[in-house]
Amino acid sequence: MSTQVLEASPTPPQERPAKRRRPRNRLGPPWLFVAPALLCYGAIVLYPSASGVLYAFTDWSGLGGWSFVGLRNFDSLLHDDRALGSLRNTLLLTVAIVVVQNGVGLLLALGVHARIKSRMLLRAIFFAPVVVSPVMVAFLWKYVYNPAPNAGLNGVLGAVGLGSLRQDWLGDPSIALWSVAAMVVWQYAGYSMVIFLAGLEGISKDVREAATIDGAGPVKRFRYVTWPLLAPATTINVMLSTIGGLKLFDQVFAATAGGPGYATETLSTVLYKEAFVFGRYGYSTAVALVLALFVAAVSLVQIRYLRAREDQA
Amino acid sequence: MNRYRPRTFALELLMVAAGVAFLFPVYALIVLSMKDAGQIASSPLGLPNPPTVDNYTEAWSEASLGSALLSSTIITVASLVLLIAIGSCGAYFLARRATRLGYGLYILFLLGIVLPFQLGMIPLYNLFSKLELIGTYQSMILFYTGIQLPFTIFLYTGFIRALPADYATAALVDGASHFQAYTRIVFPLLRPITGTVLILNAVFIWNDFFTPLLYLGGSDHETIPVRIFAFVGQYVSDYGLVFAGLVLGAIPILLVFLLLQRYVIKGFASGLKG
């Protein structure tokens, strides 16, 4: 199951009715089965997305008429410090989230996979934030990041004698982006954990016992046995967190709204503001198109690269 | 390897410490929600003394969470029913039609997993406002059905392909209609994947924020995340009240999670949705 995404790549259909030249396959389900899905998907996703692509090349303001402006929106994007900054922020956030969320997720998975007594309870605790609304998690973390010296994280740092590390976590432009990343990691590390855990459970005990008998210690066992066999889980985790990071909106919108200044602005918050605050619909869809291309490109590159890694393992 | 050794105990201590640190925000959430403004100012992180439930009663009525709970439930349940109904039979067609066209259609559906919804966000909003659907349950139900179909079809198609076609064929040979063969034979066999589809889509729809804010913000049909967002905006500095609202808003889905823990974790571990 967990490797399905990799099998989704083009494999041509195997069975082919052979008897007549144009057989009416009466045993295959009729078109009526797919018609509602096609209709709904077409109306809600395909048609609006295609229009979105079209509007990216216009000066539409949301009201009244529009005319084609060629690549002007993309040209303005290249000269828009705010949009470029948001692109940079989005990429930095994504890299931070992918690395830390999966690193923490892997450590948690290894921990709760071991024979400790609290493993079932800990699994539930680490996973619970995944099912809660990101907006609510962001509001909770807004308090954790409270700048007051005796509240939230600062209060804890003070209580354990690390008062010098107190920060204005979301108000200081140089660290706000990393604070947002930490909040996302807190919420979704449990998600990476359960996927790694499923991978760990799929590794046969015999393999590890064989390595132990051959004299491999825990580090070598992990490096040469466990880690290569976790490749499918790593693939899925990296893909999920990359796409999630690129599209990040709810958490930023609720915690910082892109501020202070533009310090935590992402592609998603910029395109929201362009459309619904400044009324520049054409420009906003150009930003959306850039985001779409990034997501699509990253997905394709990752699928290729990570599949190659799996083949080696 | 399987015995509980001193090293296992050390790991246990380490993991429990990690769990406690992880729970700090939740601790803050709960103690603050049970304090009045004075206690929050004087000792924000100490235990509430005495604890109060006033924040909870006030948050429940001020945020009208009862009606938000109803809206969220209606939208989530209706979207799931539609998604499972039209997604599974669409996938059945795609999995069993071994033609070039059937395969092309499958790829067309998969494209929807990669496309960010923001690309079509504004044209779709305009379409819904032309149809006068903004502010209605229908707009959200249609939206979720469309936007989650690619992922739903992807999961179902993979599952159906691995399923022998013989059962349905036998029913057809015996004179059942395609519809009968599907509802009586095929669909019941899909139960495991239907569980995964149900859990992943339910969590996504229940917690989704941006589109319901756009379509339902300010109407009587606001969902829980939208209601909480407005509520927090209104009482932003009153942490006790805000946190009571957050606890109340998170309880329904956390309760479902605790009851169905095993299935939820299995669903997330096997599926692939971010």
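# A guided tour of chains A and B

Begin with the two domains of chain B, where 8 residues of domain 1 are in contact with 7 residues of domain 2. The model on display is predicted. To mark the two parts, select residues 6–52 of chain B as domain 1 and residues 60–270 of chain B as domain 2. The C-alpha centres of these two domains of chain B are 34 Å apart.

Next, select the side of domain 1 of chain B that touches domain 2. Two elements give two or more residues to that side: helix H2 (24–33) and helix H3 (37–42) of chain B. H2(B) provides the largest share, 4 residues. Sorted by class, this side of domain 1 of chain B holds 5 nonpolar, 1 polar and 2 charged residues.

## Chain B as a whole

Chain B contains 15 helices and 0 strands. Chain B is more spread out than a compact globule, because its radius of gyration is 24 Å, well over the 19 Å that the globule rule gives for 274 residues. Along the principal axes, the C-alpha atoms of chain B fill a box of roughly 75 × 65 × 30 Å. Of the 274 residues in chain B, 48% are buried. Among the contacts in chain B between residues at least 6 apart in sequence, 76% link residues at least 24 apart.

## Annotated spans of chain B

The next selections come from an unreviewed UniProt entry. Under "transmembrane region", that entry lists residues 12–34, 68–94, 101–121, 141–164, 185–206 and 239–260 of chain B. Two of these spans may be coloured in turn:

- Residues 68–94 of chain B are 100% helix and 0% strand, with end C-alpha atoms 37 Å apart.
- Residues 101–121 of chain B are 86% helix and 0% strand, with end C-alpha atoms 29 Å apart.

The unreviewed UniProt entry also lists residues 69–260 of chain B for "domain: ABC transmembrane type-1". Select residues 69–260 of chain B: this stretch is 82% helix and 0% strand, and its end C-alpha atoms lie 19 Å apart.

## Individual residues of chain B

Centre the view on B:Met121, which belongs to helix H7 (residues 118–130) of chain B. Is B:Met121 buried or exposed? B:Met121 is buried, since 23 other C-beta atoms lie within 10 Å. From there, draw a distance to B:Ala202: B:Met121 and B:Ala202 are 81 residues apart in sequence and 21 Å apart in space, C-alpha to C-alpha.

- B:Pro50 sits in the loop between H3 and helix H4 (54–62) of chain B. A cis peptide bond joins B:Asn49 to B:Pro50, with omega about -5°.
- B:Ser64 is found in the loop between H4 and helix H5 (65–96) of chain B. Although B:Ser64 is a residue other than glycine, its phi is positive, near 35°. B:Ser64 counts as partly exposed because it has 15 C-beta neighbours inside 10 Å.
- B:Glu132 occupies the loop between H7 and helix H8 (137–161) of chain B. B:Glu132 is not a glycine, yet its phi is positive, about 55°. With 9 C-beta neighbours inside 10 Å, B:Glu132 counts as exposed.

## Chain A

Bring chain A into view. Its secondary structure comprises 14 helices and 0 strands. Buried residues account for 45% of the 313 residues in chain A. Of the contacts in chain A with a separation of 6 or more, 71% are between residues 24 or more positions apart.

For a loop in chain A, select A:Pro260, between helix H12 (250–255) and helix H13 (267–276) of chain A. A cis peptide bond joins A:Gly259 and A:Pro260, and omega is about -10°.

## Where the chains meet

Show both chains together. How many residues of chain A are in contact with chain B? There are 86, in contact with 79 residues of chain B. Helix H2 (residues 35–55) of chain A gives the largest share of the side of chain A that touches chain B, 12 residues. By class, this side of chain A has 59 nonpolar, 18 polar and 9 charged residues.

## The nonpolar core

Finish with the largest nonpolar core, which has 174 residues. The residues with the most contacts inside this core are A:Met193, A:Val194, A:Val287 and B:Leu246. Helix H8 (residues 176–201) of chain A supplies the largest share of the core, 18 residues. From chain B, the core draws at least three residues from each of domain 1 (6–52) and domain 2 (60–270).

Leaving aside neighbours within four places in sequence, A:Met193 is in contact with A:Gly105, A:Leu108, A:Ala109, A:Phe126 and A:Phe127.

How values were computed: Residues are numbered from 1 along each chain as its sequence is written. Chains are lettered from A and ligands numbered from 1 in the order in which they are written. This is a predicted model: local features need pLDDT of at least 70, side-chain atom pairs count only at pLDDT 80 or more; totals for chains, interfaces and linings use all residues. Ala, Val, Leu, Ile, Met, Phe, Trp, Tyr, Cys and Pro count as nonpolar, Asp, Glu, Lys and Arg as charged, and the others, Gly among them, as polar. UniProt positions are given in the numbering used here, feature names are shortened, and annotations may be inferred rather than shown by experiment. A nonpolar core is a set of buried Ala, Val, Leu, Ile, Met, Phe, Trp, Tyr and Cys residues joined through C-beta atoms within 7 Å. A residue is buried if 20 or more other C-beta atoms lie within 10 Å of its own, exposed if 12 or fewer, and partly exposed in between; C-beta atoms are placed from the backbone. Domain bounds come from an automatic or database domain assignment. The radius of gyration is taken over C-alpha atoms; the globule rule is 2.2 Å times the number of residues to the power 0.38.
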